[in-house]
Amino acid sequence: MKNPRLNTLMEEWLPEATIDEMQAKMEKGELSSHDLVLMYQARIAKFDQTINSVLELNPDALHIAAALDAERKQNGPRGPLHGIPVLVKDNIDTNDKMHTSAGSLALKDSFAQKDSFVAARLREAGAVILGKTNMTEWANFMANNMKSGYSSRGGQVLNSYGPGKFDVGGSSAGSGAAIAANLAAVAVGTETDGSILNPASQNSLVGIKPTVGLVSRSGIIPIAHTQDTAGPIARTVKDAVYLLEAIVGQDPQDPATMVSLPEFRQDTLFDDQALKGAKIAVAREVYIGKWTQEQEQIFQKAVEKLEELGAEVVEAAIPAAKATWGYKVLSYEFKADLNAYLNGLSPNVPVRTLSDVIAFNNEHGEKMLKYGQEVLLESEVTSGTLTEAEYLEELEYNLYMAREQGIDYALKEYGADAVLFPMDGSTIGSKAGYPSVTVPTAFTDEGEPVGITFTGTAFSEPLLIRLAYAFEQATKVRRAPELRINAGEKIHTTS
């Protein structure tokens, strides 16, 4: 940066700065939202060609930031996100000059006709939507062997802790990689099964996968209405909570949200003693045979840390750990849900159905079919009416196993407050539609981040947040990655 003051702040202070720290400087007049946008844009220019996490920047971001600075001077801040730059995943509609494409060239010219509920809530909270993040194309519901973080529109997202070496996690890969590299304060991801929690674990971040129905899905390119949700990815639990608080709310356009929502009282959420007396059911069985010896040892150390912090830990045998999970429910719901979304796009967008997407991919096979489209084809042969017996039977099976024989079973059988899974531990909680919070726990000897995940029953986010916050405060595991300047030179970020 040419501005010496901002350059010093960007190099020495901005990396790993929290939202509270940003707000404190803005309240003192030492920093503005306009400054923050400039600094994050400079970091994106400096580092992101290496990790490829940001797909598109908002051309109005600086103007929005300046307006929010003027509002702060006149009326004070709206809340914790006032003037804070936020990145959103490329499957979330924003009614501005940015596209919404789910990473697909088939939608590269699609502009949303209105904000998604999430984007509207961010604007109401005073956040600056800085840009869109790259993602696994169609949220990794296109091909069986597609790499996490790859899209035809944006290319391959890389993990900043080991570009090309460590998996970046999917499908909110760009949101995870960008926040790990300090390219924005926080980001919004989406999850159907692991797409918030997995990149959080892989990038030494906090990810909150809310209960289905806590955050509206209207205006988000879908996979499956029984499992989809949006949620925050951040460097700290507190920052993730600030973002979550901003985007929750009832939305008549999403019937799942029209229920009683939990109260998020910050004076009770951030309790560093919350693990004392808590009972945690440890569900390591789901990873047996799927993890390395080092990952298993890391998880065991995390369990021991919970006990050291005053938690009662019990080993849990969950019937759902032995369940055979398929993705037929997703396959059936994808066609119905995607067709409904595409039908609502601007009339100038020629892709209106899943069949159109498949035809576009075939027509532009060299660019579109690097990994094939078997998953799209499997969904297309369904009726799109959700009337098939196979769908209805598997949906009932998934809900029964994931809830009554899964999370709720563990909580009731062992009298536990929450279930602890290794790493992202996503599938059982995701199929139940239940909330999870992933928090950093360690790095492997090679430097790959590893997380743990607290999962609970529906709308137990406040409890899970308290547990994750207490663990985070006691361990302070996260460290910033070493980043390579786009020209290739390596520098060390602030730790």
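**Cavities and salt bridges**

Analyst: Searching the whole structure turns up 3 cavities of 30 Å³ or more. This is a predicted model, in which local features need pLDDT of at least 70, side-chain atom pairs count only at pLDDT 80 or more, and totals for chains, interfaces and linings use all residues. Residues are numbered from 1 along each chain as its sequence is written, and side-chain values use heavy atoms, with hydrogens and water left out.

User: What makes a space a cavity?

Analyst: On a 1 Å grid over the protein atoms alone, a cavity is a set of points where a 1.4 Å probe fits but cannot get out. The largest cavity has a volume of about 80 Å³, a volume being the space filled by probe spheres set on the points, which are joined across faces, edges and corners.

User: Which residues line the largest cavity?

Analyst: It has 15 lining residues, and the closest to its centre are Asn-91, Thr-190, Thr-192, Ile-221 and Asp-228. To count as lining, a residue needs an atom within 4 Å of a point.

User: Why is the contact between Glu-11 and Lys-46 called a salt bridge?

Analyst: The term requires a side-chain nitrogen of Lys or Arg within 4 Å of a carboxyl oxygen of Asp or Glu. Glu-11 sits in helix α1 and Lys-46 in helix α3, 35 residues apart; helices are DSSP runs (H or I, at least four residues), as strands are (E, at least two), numbered from the N terminus.

User: Where do Arg-217 and Asp-254 lie?

Analyst: Their side chains meet in a salt bridge of 2.6 Å, N to O. Arg-217 is in the loop between β7 and β8 and Asp-254 in the loop between α8 and α9, so the pair ties together parts 37 residues apart in sequence. Both residues are buried.

User: Why does the pair Lys-279 and Glu-312 tie together separate parts of the sequence?

Analyst: Their salt bridge has an N to O distance of 3.9 Å. Lys-279 lies in strand β9 and Glu-312 in strand β10, so the linked parts are 33 residues apart in sequence. Glu-312 has 46% relative accessibility and therefore counts as partly exposed.

Conventions
On a 1 Å grid over the protein atoms alone, a cavity is a set of points where a 1.4 Å probe fits but cannot get out, and a pocket is an open set with protein on both sides within 12 Å along at least five of seven lines; lining residues have an atom within 4 Å of a point. Buried means under 20% relative accessible area, exposed over 50%, partly exposed in between (1.4 Å probe, protein chains only).
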